[in-house]
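Have the structure open as you read.

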Amino acid sequence: MGESTLLDLLARAAALEQADASLEAPSGLRFVDRAERERFHTWGSLRTAALRVAGSLRRLGVERGERVALVYPTGIDFFHAFFGVLAAGAVPVPLYPPVRFGRLDEYHLRTASMLRAASARLVLADGRIRSLLGETIAAARPRLGCRTLSALPSVPPTDDDPDSGEPIRADDLALVQFSSGTTVDPKPVALSHRAVLAQVRALNGFWPDDSPVRHSGVSWLPLYHDMGLIGCVFPALEIPTVLTLLGPEVFVTRPALWLRAIARHRATVSVAPNFAYGLCVDRIRDDELDGVDLSCWRVALNGAEPVSPRVLRAFQERFAAWSLRPEALTPVYGLSEATLAVTFSDLETPFRTTRFDRDLLAQGRARVAGDGVELVSVGRPLPDTELEIRDDALHPLPESRIGRLWVRGPSLMEGYLDRADATARALVDGWLDTGDRGFLSGGELFLTGRAKDIVILRGRNYLPADIEHALDGVDGVRTGCVVAVSHLPEGGRNEELLLFVETRHDLDDATRSSLPRRCADAVLGSVGLEPDRVVPLAPGTLPRTSSGKLRRSEALRRWLEGRLEPPRRVTPWFLAGAWLRSFGGFLRARLGLRSAA
């Protein structure tokens, strides 16, 4: 293929559309609202609008290589802005919108820090969102301020881009995406067109052109996150095909609309974090799926957070009556610094789990044991991608030894934007230190946690997820909303095990008062550890990354500072708001305010 940039892909999709105007089903983006009304935009119309935005940005004074931040909900304006920035020779930086009125101080501080880290010259935003960004803009002081698309200088309509100047190259930056910051503040990840297209083609290689199935997708993931943008939008553009998009607020209020959209449009691919599958099990009623047939869904990717075998089985069992194929559920692993995906499970077989001896895992070794800890395989490396498990001295480890995961391949980031020291620590001789721990077994990757999140008690290492999953099913505990950390108290001689537990909002007094003891008993029975303290929290209290991962170190820090407090009410004007702060954070906070999960 001759295309070397995202703009090339967009031009190719538009040309194919123009060359065959008789297509009954043109390719493009379909947007679905909560009433299931639909709006369709072809790739060609998107390109025409984006070129006008590019002309406006040049007239405004945006120069080649400068960064432009984008703060939008799911909608066509995001794409006009994104590709318009690229066509102007600048670099888009998608950011999440403001969330809750009660959390705006935190949002302003964090987003202003991101704008400064990206050296953003301009912020483009939705009109409703722009009205809330005053403090953010005042703190970050981008030279060209914050504007809506309609407030840009006007230029004449054009179907071409005669003033594009120097051509965009494969090695130029395609976007800056912020790492999720599980244990530290988010870093600006610089991704070239070359890296993004290598990732996109690797993903589309799993459903090749000669497949008898015409692939299309459905996504409700936010567009500021790599799973939503790079994992869903760009592969649809590269084919090109149709991608159906629901806003995250649509999924929040009616998760059944996700499955209904898949069935109605006979989508073959859709992706979500683990918690979303659990939410569907808990929240979707049978009557909401009248007439739904999920047999078309061939690839249900599960990534962005630890994959729970319990949730996978529950989802398969719950929706088998609607013809969900067991082979569809596909655990994967990836990270922002590798553009997106690193490993994929086999698409033709059901997901695979194995039980490993718990005591040996704590010692850094993996051995199969029938009564051990159940871990999900996240598959094998993508084509042209290599994995190594290394010890602290960077020596490669053999299979079944637990260590730090390093990755090498064509989709790695250029580095952290303007952060040479951080880049040098993460990229060593062409290998990326992921910061994750795990092991290989039979050539497949099993993850055991973040390197900085390991729970250390009395000289032994424990997997925090192992401890946290012990509370799955405990009455009153919100599934997936538990943090386990170890902490040496001031003046203490030994590390203590702390559990931060989000509770359902509708607990009666008896259930609430007995919750700490029942949580402690569940962990003792499952893992053999006695928690030193169980801290119940209101729904939505635990800090999360922009991709919904729990921030364990941040949770401990806030607790020590006395700042783990219940959230205030969700912003009424924009129901997506709190969710857009983080995948799981909004869902669990929002649902906690409305009804029990």
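Start where Leu6, Leu7 and Leu10 of helix 1 meet Phe82, Phe83, Leu86 and Ala87 of helix 3. Keep in mind that this is a predicted model. Sorted by class, that helix 1–helix 3 contact has 7 nonpolar residues, with no polar and no charged ones. As for the geometry, the two helices pack at an angle of about 115°, and their axes lie 10 Å apart. The crossing of helix 1 past helix 3 is left-handed.

Which residues touch the most other members of the largest nonpolar core? They are Phe79, Phe83, Leu124 and Trp258, in a core of 124 residues. Helix 3 (residues 76–87) supplies the largest share of this core, 9 residues. In general, nonpolar side chains in soluble globular proteins tend to be buried together.

Leaving aside residues up to four places away in sequence, Phe79 touches Leu29, Phe31, Leu46, Gly84, Leu223, Val233 and Leu245. There is also a second, separate core of 25 residues, with Val93, Leu95, Ile129 and Val176 among them.

Two of the Phe79 contacts, Leu29 and Phe31, take us to strand 1 (residues 28–32), which runs antiparallel to strand 2 (residues 38–42) and is joined to strand 2 by 5 bridges. Leu29 has His41 as its bridge partner in strand 2. The two strands make a hairpin with 5 residues between them, and in the turn Glu36 has a positive phi of about 65°.

How values were computed
Residues are numbered from 1 along each chain as its sequence is written. This is a predicted model: local features need pLDDT of at least 70, side-chain atom pairs count only at pLDDT 80 or more; totals for chains, interfaces and linings use all residues. Side-chain values use heavy atoms; hydrogens and water are left out. A nonpolar core is a set of buried Ala, Val, Leu, Ile, Met, Phe, Trp, Tyr and Cys residues joined through side-chain atoms within 4.5 Å. Buried means under 20% relative accessible area, exposed over 50%, partly exposed in between (1.4 Å probe, protein chains only). Helices (H or I, at least four residues) and strands (E, at least two) are DSSP runs, numbered from the N terminus. Contact means heavy atoms within 4.5 Å. Two strands pair if DSSP finds at least two bridges between them. Axes are lines fitted to C-alpha atoms, for helices over the stretch in contact, and angles run from 0 to 180 degrees between N-to-C directions. A crossing is left-handed if the near helix is turned anticlockwise from the far one by less than a right angle, and right-handed if clockwise. Ala, Val, Leu, Ile, Met, Phe, Trp, Tyr, Cys and Pro count as nonpolar, Asp, Glu, Lys and Arg as charged, and the others, Gly among them, as polar.
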